[in-house]
Amino acid sequence: MPAADPVRLTAFVKGHVQGVGFRWWTRARALELGLVGTATNLDDGRVEVVAEGPEQACRELLELLPNGPGRVSFVAERWSPARGDLRGYAER
């Protein structure tokens with residue numbers, strides 16, 4: 001059975017998630033799951049998490065996000081086909 005096509009998860013994490021190591025923690029979890037992407041602080045206080053790879057690994061990362069450092073009050077998710085334009089995992 002061929003492997004499923006990779007997916008792209010974009011998650012917007014709301015709460016007290018800036019200045020508490022949330023992006024570093026997210027990068028570590030994503031790399032453990034074999035994902036590529038970014039974790040970016042947004043001007044409105046949210047963190048945008050983008051991850052590409054196998055759907056199951058992306059879903060595992062999504063489930064972990066509420067348990068990261070700080071206080072997560074809400075996570076909004078968007079799914080799309082992987083673009084293949086990401087390498088490694090960057091904090092921005």
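These points describe a predicted model of one protein chain, going from the overall fold to single residues.

1. Overall make-up. The protein chain contains two helices and five strands. Read from the N terminus, these elements follow the order β-α-β-β-α-β-β. The chain has 92 residues, and buried residues account for 36% of them.

2. Size. For 92 residues, a compact globule would have a radius of gyration near 12 Å, and the chain agrees with this because its own value is 12 Å. Along the principal axes, the C-alpha atoms fill a box of roughly 40 × 20 × 20 Å.

3. Contacts, surface and charge. Of the contacts between residues at least 6 apart in sequence, 77% join residues at least 24 apart. The accessible surface is about 5,400 Å², and carbon and sulfur atoms contribute 50% of that area. There are 12 positive and 12 negative side chains, with 5 Å between the centres of the two sets.

4. Strand E1 and its partners. E1 spans residues 7-16. Seven of its ten residues are buried, so the rest of the structure largely encloses E1. E1 pairs with strand E3 (residues 47-53) in the antiparallel sense, over seven bridges. The pairing of E1 with strand E4 (residues 71-81) is also antiparallel and has ten bridges.

5. Residue pairs along these strands. On the E3 side, valine 13 has valine 47 as its bridge partner, and arginine 8 stands opposite glutamate 52. On the E4 side, glycine 15 is placed opposite valine 72.

6. Threonine 10. This residue belongs to E1. Is threonine 10 buried or exposed? Its relative accessible area is 4%, and residues under 20% count as buried, so threonine 10 is buried. Leaving out residues up to four places away in sequence, threonine 10 touches Glu48, Val49 and Val50, as well as Ala76, Glu77 and Arg78.

7. Strand E3. E3 is mostly covered, with six of its seven residues buried.

8. The hairpin. E2 and E3 form a hairpin, and five residues lie between them. In the turn, glycine 45 has a positive phi of about 95 degrees. Another glycine with a positive phi is glycine 34, which follows helix H1 and has a value near 80 degrees.

9. Threonine 40. Threonine 40 lies in strand E2. Its relative accessibility is 15%, so threonine 40 counts as buried. Apart from neighbours within four places in sequence, threonine 40 is in contact with Arg23, Arg46, Val47, Glu48 and Arg92.

10. Helix H1. H1 covers residues 22-32, and its buried residues are Phe22, Trp25, Thr26, Ala28, Arg29 and Ala30. What covers the buried residues of H1? The cover includes strands E1, E2 (36-41), E3, E4 and E5 (89-91), together with helix H2 (55-64). As background, an α-helix has 3.6 residues a turn, so residues three or four places apart point the same way.

11. Valine 72. Valine 72 sits in strand E4. With a relative accessibility of 22%, valine 72 counts as partly exposed, because the limit for buried is under 20%. Where in the sequence are the residues that valine 72 touches, leaving aside those up to four places away? They are Val13, Lys14, Val17, Phe22, Leu65 and Pro66. Of these, Phe22 is among the buried residues of H1. Lysine 14 is 58 residues away from valine 72 along the chain, yet their C-alpha atoms are separated by 5.9 Å.

Conventions:
Residues numbered from 1 in each chain as written. Predicted model: local features only at pLDDT ≥ 70, side-chain atom pairs only at ≥ 80, totals over all residues. Heavy atoms only, no water. Helix = DSSP H or I, 4+ residues; strand = E, 2+ residues; numbered from the N terminus. Buried < 20%, exposed > 50% of the residue type's maximum accessible area, 1.4 Å probe, protein only. Contact = heavy atoms within 4.5 Å. Pairing = 2+ DSSP bridges. Rg over C-alpha atoms; globule rule 2.2 N^0.38 Å. Areas by Shrake-Rupley, 256 points an atom, 1.4 Å probe, with all protein chains shown as cover. Lys, Arg positive; Asp, Glu negative; His and termini not counted. Charge placed at Lys NZ, Arg CZ, Asp CG, Glu CD.
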